[in-house]
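Please keep the sequence and the structure in view while reading.

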Amino acid sequence: MTERAWYLRAYVYLAVLTGVGLVGIGIATQAAVGLGFAFGKEYVAGDMPGVTYTPSRCNDYFEYFPEAKSCESAAVNHHFDEIWRNGDVALLGGLVVVGTHLFLRRRWIHEERADSLPRRAFWVLGAAASGLGAAALLGVSLASVFLGVTGHVLQYIPAGIVAGLCCLAFIRPGLNSLRAIARETPS
């Protein structure tokens with residue numbers, strides 16, 4: 001019984017953090033799409049240097065964007081639309097996960113059991129996950145800038161900023177939770 005309660009609470013925490021992460025991805029993608037419209041789609045969805053397409057793949061892209069002047073332009077438009085569509089799906093999926101959790105939580109509130117994972121673990125997990133995500137995403141974007149790679153740079157910067165903002169939301173309760181754990185731990 002003890003293990004089941006612990007695993008169930010861990011599953012719920014990870015599901016909610018996944019939902020929050022999907023909402024963050026959706027928001028960051030919408031910001032990247034806005035930057036793409038402002039500064040050029042190639043900065044969000046451009047290919048890395050050296051990428052070439054076969055004639056048949058170019059024909060596929062031209063089917064989607066017959067008005068494109070080149071295969072590269074058609075590919076950028078196709079990739080940009082995919083990024084935009086996937087961001088919408090992530091945002092809606094995250095809202096469904098978080099909304100479902102909030103609905104079920106209000107409907108079936110249970111007191112915290114002594115044999116389950118403490119609620120404060122949620123804040124620690126959230127701070128760690130979003131902080132690592134922010135560092136990785138901003139690191140990739142900075143490395144791309146220093147290496148002179150233009151493709152996808154504007155896609156990772158908003159994502160890193162959103163992950164950093166999520167980390168800021170989790171960090172204070174997470175640190176308070178760690179302090180409470182330290183006080184409770186026998187020396």
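Trp 84 has a relative accessible area of 31%, so it is partly exposed. Phe 80, at 0% relative accessibility, counts as buried. The model is predicted, and a search of the whole structure finds eight aromatic pairs.

**Phe 80 and Trp 84**
- The ring centres of Phe 80 and Trp 84 are 6.2 Å apart and the planes stand at 70°; the pair is edge-to-face because the angle is over 60 degrees.
- Both residues belong to helix H4 (residues 71-107), where they are four residues apart, so about one helical turn separates them.

**Phe 122 and Trp 123**
- For Phe 122 and Trp 123, the ring centres lie 5.2 Å apart with the planes at 80°, so this pair is edge-to-face.
- Phe 122 is buried, its relative accessible area being 13%, whereas Trp 123 is partly exposed at 33%.
- Ring pairs join Phe 122 and Trp 123 with Tyr 13 and Phe 170 in a cluster.

**Helix H5**
- Helix H5 covers residues 120-147, which is 28 residues.
- At 1.5 Å a residue, H5 should span 40 Å; the C-alpha atoms at its ends are 41 Å apart, so the two values agree.
- Buried residues in H5 include Ala 121, Phe 122, Gly 126 and Ala 127.
- Ser 130, Ala 134, Ser 141 and Ser 144 of H5 are also buried.
- Gly 148 follows H5 and has a positive phi, near 75°.

Conventions. Residues are numbered from 1 along each chain as its sequence is written. This is a predicted model: local features need pLDDT of at least 70, side-chain atom pairs count only at pLDDT 80 or more; totals for chains, interfaces and linings use all residues. Side-chain values use heavy atoms; hydrogens and water are left out. Helices (H or I, at least four residues) and strands (E, at least two) are DSSP runs, numbered from the N terminus. The expected span of a helix is 1.5 Å times one less than its number of residues. Buried means under 20% relative accessible area, exposed over 50%, partly exposed in between (1.4 Å probe, protein chains only). Rings of Phe, Tyr and Trp (its six-membered ring) pair if their centres lie within 6.5 Å; planes under 30 degrees apart count as stacked, over 60 as edge-to-face and the rest as tilted.
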